[in-house]
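Please look through the sequence and the structure shown here before reading on.

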Amino acid sequence: MNNAKQEVLALNGDEAVAYATKQSNVDIVAAYPITPQTIMVERFSEYVANGEVETEFVCTESEHSALTACLAASATGARAFTASASAGLALMHEMLFVTSGCRAPVVMAIANRALSAPLNIHGDHSDTMAQRDSGWIQIYVENAQEAYDSIIQAFKIAENSEVLLPAIVGLDGFTLSHTLENVRVLPDRIVKEFLGARRIPNVLSHEGKNVPFRLDPENPTSMGPIALPNYYFEFKRQQEEAMKNALRIIRQVHNEYAQISDRKYGDGLIDSYKLDDAELVVVCLGSTAGTVKTVVDELREEGVKAGVLRIRTFRPLPTEEIVNALRNVKAVAIMDRSMSFGSSGGPVFHEIRHVLYDAASHPYVVNYIYGLGGRDTSPAQIRKIYEDLQTILKTSRVDKLINYVGLRE
Amino acid sequence: MTSKEKSWKEISPAGVCWKSSTEFLTGDWKTYTPIRDVQKCTKCLLCVMFCPDGAIHWRPEKEDIEFDYNFCKGCGICANECPTKAIEMKIQ
């Protein structure tokens with residue numbers, strides 16, 4: 001454990017992200033500063049205006065351009081950050097794939113918000129879930145403290161030579177992004193030492209030389225040029241391998257960070273709560289885990305063997321860890337804060353249920369879609385989910401596979 | 001696809017080119033091939049300048065032009081621009 005004194009600041013999730021970005025010695029922040037942008041880049045632009053950072057701040061004309069600027073800067077070896085939410089992330093869609101395909105370790109914070117129409121920018125996971133196949137690492141945080149910690153970790157994970165993938169840190173819109181919390185921040189020096197400068201691995205160039213993997217006039221390379229049917233597939237397979245490596249690197253960086261901060265979030269991939277002997281488990285992402293834990297504490301006092309599994313890292317999906325965590329569980333409720341219209345249930349449900357298909361334990365797995373467009377989910381509603389699981393166990397029957405929490409029927 | 005092509009483990013990330021573009025021969029795309037009538041050609045070099053792929057070269061040692069069919073796509077711009085109509089596009 002490190003004895004570095006940590007200051008306690010009152011920050012909302014956005015400000016926690018901006019503060020972590022300030023300490024991460026970012027070379028460029030490019031962002032579109034109008035709705036649905038959040039306080040993240042507003043605060044950061046103040047740091048720039050006050051001369052507190054040496055970062056190049058680029059106000060672009062759209063989110064598509066913001067990510068393009070970050071990608072281009074990252075390709076030269078710079079450390080790049082951007083932030084967006086909702087429709088802004090949707091507008092980045094094309095460049096998300098270009099960024100991951102170019103293996104540019106851009107870090108982006110997303111205040112998770114709904115997508116129009118009807119027009120709504122309140123909290124849910126529709127924006128990032130719609131981008132889950134874009135080749136970005138996705139980490140969902142539970143509180144502002146974790147948002148701060150995860151941004152710092154994200155740079156180190158993304159830039160690792162075995163990973164080289166862009167990373168999204170998602171924090172629930174408004175619940176985390178705009179809510180004030182006490183956040184413990186590390187001294188600037190400690191963060192600087194932890195991250196260091198971005199290291200650039202070597203690649204084989206067209207001149208047959210090993211050159212740094214960056215755009216450099218001294219050692220010219222091309223990134224992301226045309227790859228026809230005879231090669232495109234191979235590059236996509238490489239991205240899958242990088243995701244597999246990321247599972248190990250996320251855990252490793254999470255552990256290294258615990259050494260300097262004394263803070264851990266499960267193993268960095270999944271975060272279990274009272275799961276060891278649990279029979280009834282709720283699986284969820286983000287800030288909802290806080291509410292679920294409160295309900296679990298109440299249920300435990302009543303003798304109900306309840307537990308929570310929070311998926312912190314959704315991309316790459318820690319499949320082995322999830323199977324292992326749920327190995328003794330009898331009934332599982334998967335909570336989805338977004339919809340996959342026309343499929344059976346939400347995206348988290350699809351993935352977790354798929355992972356459990358080959359697991360020796362074959363628990364009942366049901367889906368609860370909740371909180372769309374910022375609708376609040378109460379402890380009473382969570383309690384009802386556990387009661388449903390109890391009924392399923394008692395009757396050995398699932399009456400409703402897909403359920404909607406707090407929806408007027 | 002030939003067995004000479006590399007596996008995903010052997011190639012650089014992000015499509016970084018490991019060969020020069022001159023090693024990727026692209027002339028096999030063409031349907032029409034430009035054929036020059038040397039009797040009509042005045043060596044004005046307009047075709048050299050108009051070729052969008054730089055596939056027609058001036059060879060000073062021969063004092064003549066030369067078509068590089070490894071890179072010619074058969075677009076026919078040279079034939080269209082030739083003031084003496086010395087270039088004919090023949091189906092390959």
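The conversation below takes up the backbone and then a sheet.

This is a predicted model, in which local features need pLDDT of at least 70 and side-chain atom pairs count only at pLDDT 80 or more, while totals for chains, interfaces and linings use all residues. Residues are numbered from 1 along each chain as its sequence is written, and chains are lettered from A and ligands numbered from 1 in the order in which they are written.

Student: What is the omega of the cis peptide bond from A117(A) to P118(A)?
Tutor: Most peptide bonds are trans. P118(A) sits in the loop between β5 (107-112) and α6 (126-129) of chain A, where helices (H or I, at least four residues) and strands (E, at least two) are DSSP runs, numbered from the N terminus. The bond that leads from A117(A) to P118(A) is cis, and its omega is near -5°.

Student: Is D262(A), which has a positive phi, buried, partly exposed or exposed?
Tutor: Most residues other than glycine have a negative phi. D262(A) is not a glycine, yet its phi is positive at about 65°, and its place is the loop between α9 (232-261) and β11 (270-273) of chain A. A residue is buried if 20 or more other C-beta atoms, placed from the backbone, lie within 10 Å of its own, exposed if 12 or fewer, and partly exposed in between. Because D262(A) has 13 other C-beta atoms within 10 Å, the term for this residue is partly exposed.

Student: Which strands stand at the edges of the open sheet of 6 strands in chain A?
Tutor: The order of the sheet is β11-β13-β12-β15-β16-β17 (chain A), with mixed pairing, and two strands pair if DSSP finds at least two bridges between them. Each edge strand has a single partner strand, so one side of it is left without a neighbour in the sheet; these strands of chain A are β11 and β17 (402-404).

Student: Which residue in β16(A) stands opposite M335(A)?
Tutor: Strand β15 (residues 331-336) of chain A runs parallel to strand β16 (residues 364-369) of chain A, and 6 bridges join the two. The residue that M335(A) faces in β16(A) is Y368(A).

Student: What angle does the direction of helix α13 of chain A make with that of β15(A)?
Tutor: Helix α13 (residues 379-395) packs on the sheet and touches β12, β13, β15 and β16 of chain A, contact meaning that the C-beta atoms of two residues, placed from the backbone, lie within 7 Å. Axes are lines fitted to C-alpha atoms, for helices over the stretch in contact, and angles run from 0 to 180 degrees between N-to-C directions. For helix α13 and β15(A), the angle is about 145°.
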